[in-house]
Structure formats: structure tokens, C-alpha cells
Amino acid sequence: MAREITGRHVLIGTVSAFGVIIAVNLFMAWSAISTFPGVEAKNTYYASQNFNAAMKAQEALGWQVAQDYAGGQLVLRITETATGQPGQVADLQVLIGRATEAKDDKLPVFAREGGAYVAPVDLAPGKWILRIQAVAADGTQFRQQRQLFVKG
């Protein structure tokens, strides 16, 4: 014999269902905030004031970047598009990370080999973001963000 559903049973079921929904939403929001810092520039107003001048100077360099990853080696080629020669790079820093979280971020140390920059780095399969910051021999800042897909 089945028991009768009362108002109390409906109330308990409704409160329980909404409790689960709210708990899952809070967990998902906490997970999103804790794994992605979300900050690209500390002071966006100041960064925007210099953006156009910096972009024109970077474009005047005429650099083109190509990347390759194989056998645990990341290879960057920075070439001058007008001459096809390697760009005159005084300093190079590359932050490699995932698009959604900062825990896998890496700062490899590059060595110049011929016309390329090579760094040993262990990357798991998937999509990686390269945030390249270089300084030309004349002091011009060069910044570029590129995607790298590592096959698994």
C-alpha cells in the first residue's frame, strides 16, 4: 500500500532540489574564479593610453613569429618580413600556459640556435597559449599572443 503524498513531502522535495541546484552553482562559480585570474592588465586605463603608439612601433619592426613544438623542444622563429632575416632580438620572454587556468604556466629559458630560439619544455597534449614579449635591439617592445596545439 502506497503512502499519500502530503504538502510536507512536496516542500521537502522542492527545498532539496533547489538546494542541490544552488550548491552546484556555487561550486562552479568558485571553481571558475579560483582557476582563472582574469587579469590581463593591472591598470587598463593606463595601458590603453599607450596602446596605439606601442602598436605602431611594433608594426614598424616588421617581425613575423612562427612556432613549432616537437620532441620536448619549443622552437620560435622571429623573422623580419621585409628581408626574411632573423629579427634582432635583445631579450625574449615567453609565458606558456593554458587559456583557462594558471597552474600549468611555464617560463622556459630560450637559447639562440642559428636563426631560431629553442627551449626545452614539457607540454601535455592540448591547446596552449604563448604570450611572447621581446625587445628589439633598438629597445622597441614586441608583444604577441599565439596559440600552440600539442598533439597527443
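Student: Where does arginine 98 sit?

Tutor: Arginine 98 is in the loop between strand S3 (89-97) and strand S4 (111-113). Helices (H or I, at least four residues) and strands (E, at least two) are DSSP runs, numbered from the N terminus. Bear in mind that this is a predicted model: local features need pLDDT of at least 70, side-chain atom pairs count only at pLDDT 80 or more, and totals for chains, interfaces and linings use all residues. Residues are numbered from 1 along each chain as its sequence is written, and side-chain values use heavy atoms, with hydrogens and water left out.

Student: Why is arginine 98 called buried?

Tutor: Buried means under 20% relative accessible area, exposed over 50%, and partly exposed in between (1.4 Å probe, protein chains only). Arginine 98 has 18%, so buried is the label.

Student: And what makes its meeting with aspartate 104 a salt bridge?

Tutor: The rule asks for a side-chain nitrogen of Lys or Arg within 4 Å of a carboxyl oxygen of Asp or Glu. The side chains of arginine 98 and aspartate 104 meet at 3.9 Å, N to O, so the pair passes. By this rule the count comes to 1 salt bridge.

Student: Which accessibility label does aspartate 104 get, and why?

Tutor: Aspartate 104 has a relative accessible area of 24%, so it counts as partly exposed.

Student: Which backbone oxygens does the arginine 98 side chain reach?

Tutor: It reaches that of proline 125 at 3.2 Å and that of lysine 127 at 3.1 Å. A polar contact is a pair of N or O atoms within 3.5 Å; within protein, one must be able to donate a hydrogen and the other to accept it, and residues adjacent in sequence count only if both atoms are side-chain atoms.

Student: Where does H2 bend, and by how much?

Tutor: At phenylalanine 51, by about 45°. That bend is the angle between axes fitted to the seven residues ending there and the seven starting there. Just after H2, glycine 62 takes a positive phi of about 70°.

Student: Why do tyrosine 46 and alanine 47 get their labels?

Tutor: Both lie in helix H2. Tyrosine 46 is at 55%, so it counts as exposed; alanine 47 is at 36%, so it counts as partly exposed.

Student: What about asparagine 43?

Tutor: Asparagine 43 lies in the loop between H1 and H2. Its relative accessible area is 45%, so it is partly exposed. Asparagine 43 and glutamate 4 are 39 residues apart in sequence and 63 Å apart in space, C-alpha to C-alpha.

Student: Last one: why is valine 24 partly exposed?

Tutor: Valine 24, in helix H1 (residues 7-35), has 44% relative accessibility, so partly exposed is the label.
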